[in-house]
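Here's a quick tour of a protein fold, written for someone just getting started. Take a look at the picture first, then read on.

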Amino acid sequence: MTQAPVLPVPVITIDGPSGSGKGTISRLVARRLGWHYLDSGAIYRAVGLAAAWEGVDLADEAAVAACAARTRIRFDTGGDGEEPKVLVNDKDATHQLRMETAGAAASAIAALPAVRAALLQLQRDFRSAPGLVADGRDMGTVVFPEATVKVFLTASAEERARRRHKQLKDKGVSVTLAGLLGEIVARDERDASRAVAPLRPADDAVSIDSTAQPILAVVEQVLALLPEDLRARAQAASGRNN
Ligand code: C5P
C-alpha cells in the first residue's frame, strides 16, 4: 500500500511595524483555525531583558548571542483569546516585556546578526501541526520563506501610537501619547534600516492597512487568503473555537 504524502505544516506569517495590530490579529486568526501562535517579538524582548538582568553589554554581539542561546523562554497560554504569560528564565516577565523600554532593547539586539542566528531554530520549532500563525518583522522573509500565506500589516504611525497608548494605559502604565509616537517611529526606522532581516514586506506578501478597519474585518481578510481546503478546516474549527 502506498503511503499518503506527508504535507508540510501550513504557516501564516504576519509581519509589520509595532502597533499595526499584528499580535491581536495573529492570536485571533490562530484561535479561529485552532493553530499555534508564535510572538517572535516577545522572544527578542525576552533576550533583551535577560541581557539587562545579567548586565550584558547590549552592543557586545558575541555576549548577547551567548545570552540568547542560554535564555529559557516559555509561553504559558492563558484562557481563550488572552495574551499568554511569558516566563524568562522561569520568572514571569509578561508585564515588563510590554514596556517600550523592552521594545527598544529588543530592537537594539535584534540588529545583531549573531543574535538573530542564535534565535532562528527556536522560532522554526514553533511550526507544528495543525498549523502556525507567526508574527514579527521577518517571518515571511527569513524565518518561514515558504509560508502558505504572507501578510504585511500596516497602519498610520498616529493610529499605532494610539493603540499602544491604550494598551499600556489598560495595563496601568502611564506614558504620553506624543512620547510614545516618537519612540515608535524611531524603533520602526531602526528596524527598517538595519542590514540584517530588515522590516519589509516579502515579495509575495499581501499588504493590509488596518488603520480604519475593525480587528475582526482584518481577521476575515487574512482567513480569506487561505487556500480552499485550509479555509474549510477553519470553518469547522470556528464552530469549535467561537
Ligand atoms: O513585535 P514587538 O514590538 O514585540 O518586537 C520588538 C522588537 O523586536 C522589534 O522592534 C524588532 O526590533 C524586534 N523583532 C525583530 N524580528 C522579529 C520580531 C521582533 O527584529 N521577527
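Which residues have the most contacts inside the largest nonpolar core? They are Val115 and Phe144, and the core they sit in has 31 residues. Keep in mind that this is a predicted model.

**The big picture**

- You'll find eleven helices and eight strands in this protein. Its radius of gyration is 18 Å, close to the 18 Å that the globule rule gives for 242 residues, so the protein is as compact as a globular protein of that length.
- Taken along the principal axes, the C-alpha atoms fill a box of roughly 60 × 45 × 35 Å.
- Of the 242 residues, 45% count as buried.
- Look at contacts between residues at least 6 apart in sequence: 73% of them join residues at least 24 apart.

- Helix 2 gives the largest share, seven residues.
- There's also a second, separate core of 19 residues, and Ile12, Leu33, Val149 and Val222 are among its members.
- What does valine 115 touch, leaving aside its neighbours within four places in sequence? Its contacts are Glu61, Val64, Ala65, Ala68 and Ile109.

- Five strands make an open sheet in the order 2-6-1-7-8, and their pairing is parallel. At the edges are strand 2 (36-39) and strand 8, each of which pairs on one side only.
- From one strand to the next, the twist averages 20°.
- Strand 1 (residues 11-15) pairs with strand 6 in the parallel sense, over five bridges.
- Helix 1 (residues 22-33) lies across strand 1, strand 2, strand 6 and strand 7 (149-154), and it runs at about 180° to strand 6.
- Helix 2 lies across strand 2 and strand 6, at about 40° to strand 2.

- Strand 4 and strand 5 are joined by two bridges. Leucine 87 stands opposite aspartate 92 in strand 5.

**Helices with a buried side**

- In helix 3, the buried residues are Val64, Ala65, Cys67 and Ala68. Why do they count as being on the same side of helix 3? Because they cover an arc of only 160° around the axis.
- Ala62 and Ala69 are exposed on the other side of helix 3.
- The buried residues of helix 3 pack against helix 2, helix 5 and helix 6.
- Helix 10 (residues 215-224) has Val218, Val219, Val222 and Leu223 buried. Seen down the axis, the buried residues of helix 10 fall within an arc of 140°, so they line one face of the helix.

- Is serine 18 buried or exposed? Serine 18 is buried, because its relative accessible area is 0% and the cut-off for buried is under 20%.
- Serine 18 is found in the loop between strand 1 and helix 1. Not counting residues up to four places away in sequence, serine 18 touches Arg137, Arg160, Arg164, Ile184, Arg187 and Asp188.
- Valine 196 is in the loop between helix 9 (177-193) and strand 8 (206-209). With a relative accessible area of 22%, valine 196 is partly exposed.
- Leaving aside neighbours within four places in sequence, valine 196 is in contact with Ala111, Pro113 and Arg116.
- Valine 196 and glutamate 159 are 37 residues apart along the chain, and their C-alpha atoms are separated by 27 Å.

Note on methods:
Residues are numbered from 1 along each chain as its sequence is written. This is a predicted model: local features need pLDDT of at least 70, side-chain atom pairs count only at pLDDT 80 or more; totals for chains, interfaces and linings use all residues. Side-chain values use heavy atoms; hydrogens and water are left out. Buried means under 20% relative accessible area, exposed over 50%, partly exposed in between (1.4 Å probe, protein chains only). Helices (H or I, at least four residues) and strands (E, at least two) are DSSP runs, numbered from the N terminus. The arc is that of the directions from the helix axis to the C-beta atoms. Contact means heavy atoms within 4.5 Å. A nonpolar core is a set of buried Ala, Val, Leu, Ile, Met, Phe, Trp, Tyr and Cys residues joined through side-chain atoms within 4.5 Å. Two strands pair if DSSP finds at least two bridges between them. The radius of gyration is taken over C-alpha atoms; the globule rule is 2.2 Å times the number of residues to the power 0.38. Axes are lines fitted to C-alpha atoms, for helices over the stretch in contact, and angles run from 0 to 180 degrees between N-to-C directions.
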